[in-house]
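Subject: Structure for your review

Dear colleague,

Please find below the structure that I am handing over to you. My notes on what was found in it follow.

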Amino acid sequence: MNLWRRLSGRNRTLALTGAGVLVAGGLVTLPVTAAQAATQCSVTYTTSDWPGGFTGTVTIRNIGDALSSWNLGFTFPNSSQRVVNGWSARWSQSGQNVTAQNESYNGSLASGASTTIGFNGSWSGSNPKPTQFTLNGTVCNGGTPSTSTPPTSTPPTSTPPTSTPPTSTPPTTTPPPGQRVDNPYAGVKGYVNPEWKAKAESVSGGSRVSNNPTAVWLDRIAAINGTPNSSSNGAMGVRDHLDAALAQGAGYIQFVIYNLPGRDCSALASNGELGPDELPRYKAEYIDPIAAIQGDSKYRNLRIVNIIEIDSLPNLVTNTSGNAGGTVMCDTVKANGAYVNGVGYALAKLGAIGNVYNYIDAAHHGWIGWDSNFGPVADQLKAAAVASGSTVANVQGFIVNTANYSALKEPYVKITDTVNGQTVRQSKWADWNQYLDELSFAQAFRQKLVSIGFDSNIGMLIDTSRNGWGGSARPTGPGPSTSVDAYVDGGRVDRRLHTGNWCNQAGAGLGERPRANPETGIDAYVWVKPPGESDGSSKEIPNTEGKGFDRMCDPTYTGNARNGNNMSGALPDAPISGAWFPAQFQQLMQNAYPPLS
């Protein structure tokens with residue numbers, strides 16, 4: 001059975017005289033003559049190589065007069081080097097000479113602004129770097145380009161045309177980046193988002209949990225710089241949160257990378273701002289500036305955890321044509337490669353930063369626990385991990401149950417139990433699923449991922465922000481043995497009406513508090529979905545934040561085939577996705593398990 005689910009949740013002027021050379025961030029900028037004064041520039045060129053192929057990343061920085069268009073040129077030293085395909089520019093090659101002309105959305109480069117473009121290439125024998133670059137015919141960069149393999153220098157600041165330029169300039173020297181550890185959560189304290197903390201403490205009793213680390217959701221381009229007038233984001237941007245983490249002395253900080261083209265293809269509550277064909281915008285205006293900020297050397301000793309694109313890759317298996325509830329949008333993003341290439345690009349770009357840890361969303365047991373989904377979803381995750389120049393080395397692990405409600409453990413019902421000769425798998429609740437809880441699923445899925453080529457040291461994260469299911473309704477033992485359904489329904493701690501119910505679930509409670517290394521193969525229990533932030537509105541609420549209305553968030557909805565035609569189980573009077581929902585937060589504290597003191 002294919003069961004659907006949904007989640008939920010800066011100008012620098014350069015003066016050069018004589019034969020002086022400025023060294024900045026490890027780059028060499030050549031002097032220019034008076035005749036060339038209108039165009040001055042620096043270029044960084046890095047590659048991530050594999051046998052016979054590579055991904056090239058080129059950042060152009062305009063340090064001369066403002067440009068309305070640009071044309072970059074360079075020459076490959078080796079006649080075997082070829083550009084296979086590229087993005088964020090119109091690429092062409094004649095012999096060993098390569099040109100990249102701006103796209104319509106990134107042609108304007110103010111003085112001090114940068115733009116990043118890229119391509120996939122092929123080579124044989126060797127893959128040396130070009131030694132000279134021109135911009136609009138003027139030589140702009142010389143010396144030794146950046147080293148090969150995933151770059152260890154701080155990525156330069158990239159400013160898309162619609163973004164606010166960074167306030168800081170690149171450092172004059174590049175300190176060594178942070179060294180990755182096996183588990184970024186181990187031995188250090190997590191960042192407490194002050195914006196979420198204030199919301200939590202606005203509810204009576206919230207101070208009991210307000211110092212727990214939660215993730216920062218980047219669900220649109222504007223969130224990179226902060227959205228002070230938004231109901232579902234805060235005024236703090238990526239750099240603000242990173243600076244606050246340093247001030248707190250935090251060892252790790254968590255971001256949710258969540259803005260794929262055609263996002264949330266099987267639901268409506270969190271549809272995103274980008275259309276299914278806007279992969280170039282996703283790369284240039286979303287991923288590139290995030291990477292530029294996270295790569296700032298001042299953050300090199302902070303472990304930056306990125307949760308990569310919730311609600312994406314599993315949909316390509318379970319919610320396309322041929323599946324119950326398949327959608328046109330899911331068909332579209334599967335056919336055009338938006339999800340696979342978007343995730344691959346994010347992994348490659350962010351994974352090139354030495355202190356960044358990428359965890360890909362891997363759904364939950366009530367979505368892909370069936371044999372028909374389990375293996376195909378693992379294969380889909382692998383396909384994305386090696387797309388757009390990425391490799392499995394850019395993946396530190398996977399996360400399950402993000403923003404969902406599936407119980408961590410079912411103490412009174414086991415998938416191997418039988419009642420009157422019927423296996424628990426035959427119950428309406430399990431519906432032939434191989435798993436009943438998230439821990440057993442996460443551990444088994446990790447083994448599957450390792451078996452298909454992911455590193456044996458990958459770790460799993462489990463989002464426990466809303467899966468405690470405590471309170472007076474929590475069972476204390478197995479259900480009656482009169483039937484397999486009575487046994488399961490009477491003994492399961494997950495009190496939802498159906499495992500496909502995902503929106504603002506009534507009766508839910510806070511789960512295990514965030515901590516590292518809780519079980520074998522599990523890097524951490526985490527609160528990636530900040531408790532108290534809505535999954536979606538109970539009724540349609542017009543807004544400018546790209547948030548739609550999904551009937552599964554309506555408490556009067558009687559369901560559909562994907563949730564067994566059960567009631568939605570949603571709380572009433574909920575705001576749009578990501579907005580603060582104090583009634584839900586109060587319920588989560590009341591039903592917390594382990595209980596709050």
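Is the crossing of H3 and H6 left-handed or right-handed? The crossing of these two helices, H3 and H6, is right-handed. A crossing is called left-handed if the near helix is turned anticlockwise from the far one by less than a right angle, and right-handed if clockwise. Helices (H or I, at least four residues) and strands (E, at least two) are DSSP runs, numbered from the N terminus.

Before the details, two notes on the source. This is a predicted model, in which local features need pLDDT of at least 70 and side-chain atom pairs count only at pLDDT 80 or more, while totals for chains, interfaces and linings use all residues. Residues are numbered from 1 along each chain as its sequence is written, and side-chain values use heavy atoms, with hydrogens and water left out.

Helix packing

The axes of H3 and H6 (residues 338–351) are 10 Å apart, and the two helices pack at an angle of about 20°. Axes here are lines fitted to C-alpha atoms, for helices over the stretch in contact, and angles run from 0 to 180 degrees between N-to-C directions. The angle makes H3 roughly parallel to H6; angles under 35 degrees count as roughly parallel, over 145 as roughly antiparallel, 65 to 115 as roughly perpendicular and the rest as oblique. On the H3 side, the residues in contact (heavy atoms within 4.5 Å) include Leu279, Tyr282, Ile287 and Ala291, and on the H6 side they include Ala338, Tyr345, Ala346 and Leu350. By class, the contact of H3 with H6 has nine nonpolar, three polar and three charged residues. In this scheme Ala, Val, Leu, Ile, Met, Phe, Trp, Tyr, Cys and Pro count as nonpolar, Asp, Glu, Lys and Arg as charged, and the others, Gly among them, as polar.

A second pair is formed by H8 (residues 371–385) and H9 (residues 438–451), whose axes come within 10 Å and cross at roughly 55°. H8 and H9 are therefore oblique to each other, and H8 passes H9 in a right-handed crossing. Phe374, Gly375, Val377, Ala378 and Leu381 of H8 meet Phe441, Ala444, Phe445, Lys448 and Leu449 of H9. This contact of H8 with H9 has eight nonpolar, one polar and one charged residues.

Disulfides

How many disulfides does the structure hold? There are two disulfides, a disulfide being a pair of cysteine sulfur atoms within 2.5 Å. With bonded cysteines counted along the chain, the pattern is 1-2, 3-4.

Cys503 lies in the loop between helix H10 (484–491) and strand S20 (515–519), and Cys553 in the loop between strand S21 (522–526) and helix H11 (582–590), so the pair ties together parts that are 50 residues apart in sequence. Cys503 and Cys553 are buried.

Backbone details

Most residues other than glycine have a negative phi, and most peptide bonds are trans. Asn504, found in the loop between H10 and S20, has a positive phi near 45°. Asn504 is buried, with a relative accessible area of 0%. Asp431 has a positive phi near 50° and is found in the loop between strand S18 (422–423) and H9. At 27% relative accessibility, Asp431 counts as partly exposed. A cis peptide bond, with omega of about 0°, joins Tyr593 and Pro594, and Pro594 lies in the segment after H11.

Yours sincerely

Conventions: Buried means under 20% relative accessible area, exposed over 50%, partly exposed in between (1.4 Å probe, protein chains only).
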